[in-house]
Amino acid sequence: MFRFIYFYGITIFTFIFHQNSSIMRALIQRVNHASVTINEKEKAAIGKGLLILLGVEEEDTAEDIPWLTGKISKLRIFEDDNGQMNHSVLDVGGEVMVISQFTLHGKTKKGTRPSYSKAAGPDQARELYESFARQMGREVGKEAQTGEFGAYMKVALENDGPVTLMIDSKNKNL
């Protein structure tokens with residue numbers, strides 16, 4: 001991309017290099033409880049903890065996972081005795097549920113139908129989703145509960161706060 005900058009009456013021509021903009025994206029919700037139901041059967045449930053909706057882009061790699069899971073597990077979004085958000089899911093012994101959510105990469109720039117062209121294909125997305133869930137479990141010291149990749153799921157939750165954050169792997173190098 002080219003850009004012209006005017007500085008003290010002088011036109012400066014710059015070239016801006018855009019790095020690969022792939023983003024493994026996680027929507028994190030602090031919950032009192034959450035569950036996922038598939039075909040009218042409850043597949044998984046958690047108590048106090050984090051519900052993580054994970055979106056994977058086609059250019060994402062396993063290298064994004066350790067940073068993202070480490071960041072999420074250490075987020076200080078649970079209240080201490082003074083009502084301040086000073087504790088992580090680790091500190092409160094919380095549970096974690098991870099749900100695959102390709103629609104987090106929906107683009108709405110043109111028209112009214114979201115485009116999912118940057119979302120990873122099923123094979124790649126499944127592999128990274130499952131790897132993310134395993135690593136998230138290791139980070140918190142207990143198995144992460146999951147939905148079923150590619151299935152139609154009903155996710156129920158009681159958002160606590162509410163506290164909802166979006167984190168993506170693009171920010172790891174900032």
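K154 and E40 form a salt bridge through their side chains, with N to O at 3.5 Å. A salt bridge here is a side-chain nitrogen of Lys or Arg within 4 Å of a carboxyl oxygen of Asp or Glu. The model is predicted: local features need pLDDT of at least 70, side-chain atom pairs count only at pLDDT 80 or more, and totals for chains, interfaces and linings use all residues. Residues are numbered from 1 along each chain as its sequence is written, and side-chain values use heavy atoms, leaving out hydrogens and water.

**Exercise 1.** How many salt bridges does a search of the whole structure find? Describe the one between D160 and R30.

*Step 1.* The search finds three.

*Step 2.* D160 and R30 meet through their side chains at 3.3 Å, N to O. D160 belongs to strand 10 (residues 154-168) and R30 to strand 3 (residues 25-38), so this pair ties together parts 130 residues apart in sequence.

*Step 3.* D160 is partly exposed at 21%. R30 is buried at 4%.

**Exercise 2.** Which helices does the salt bridge between K74 and E139 link?

*Step 1.* The closest N and O atoms of K74 and E139 are 3.6 Å apart.

*Step 2.* K74 lies in helix 1 (residues 64-74) and E139 in helix 2 (residues 122-140), 65 residues apart. K74 is exposed, at 52% relative accessible area.

**Exercise 3.** Check the span of helix 2, then find what its buried residues pack against.

*Step 1.* Expected span is 1.5 Å times one less than the number of residues. For the 19 residues of helix 2 that gives 27 Å, and the end C-alpha atoms are 27 Å apart, which agrees.

*Step 2.* Buried residues of helix 2 include L128, Y129, F132 and M136.

*Step 3.* The buried residues of helix 2 pack against strand 5 (49-55), helix 1, strand 8 (95-100) and strand 9 (145-146). Contact means heavy atoms within 4.5 Å.

*Step 4.* G141 follows helix 2, with a positive phi near 80 degrees.

Conventions: Helix = DSSP H or I, 4+ residues; strand = E, 2+ residues; numbered from the N terminus. Buried < 20%, exposed > 50% of the residue type's maximum accessible area, 1.4 Å probe, protein only.
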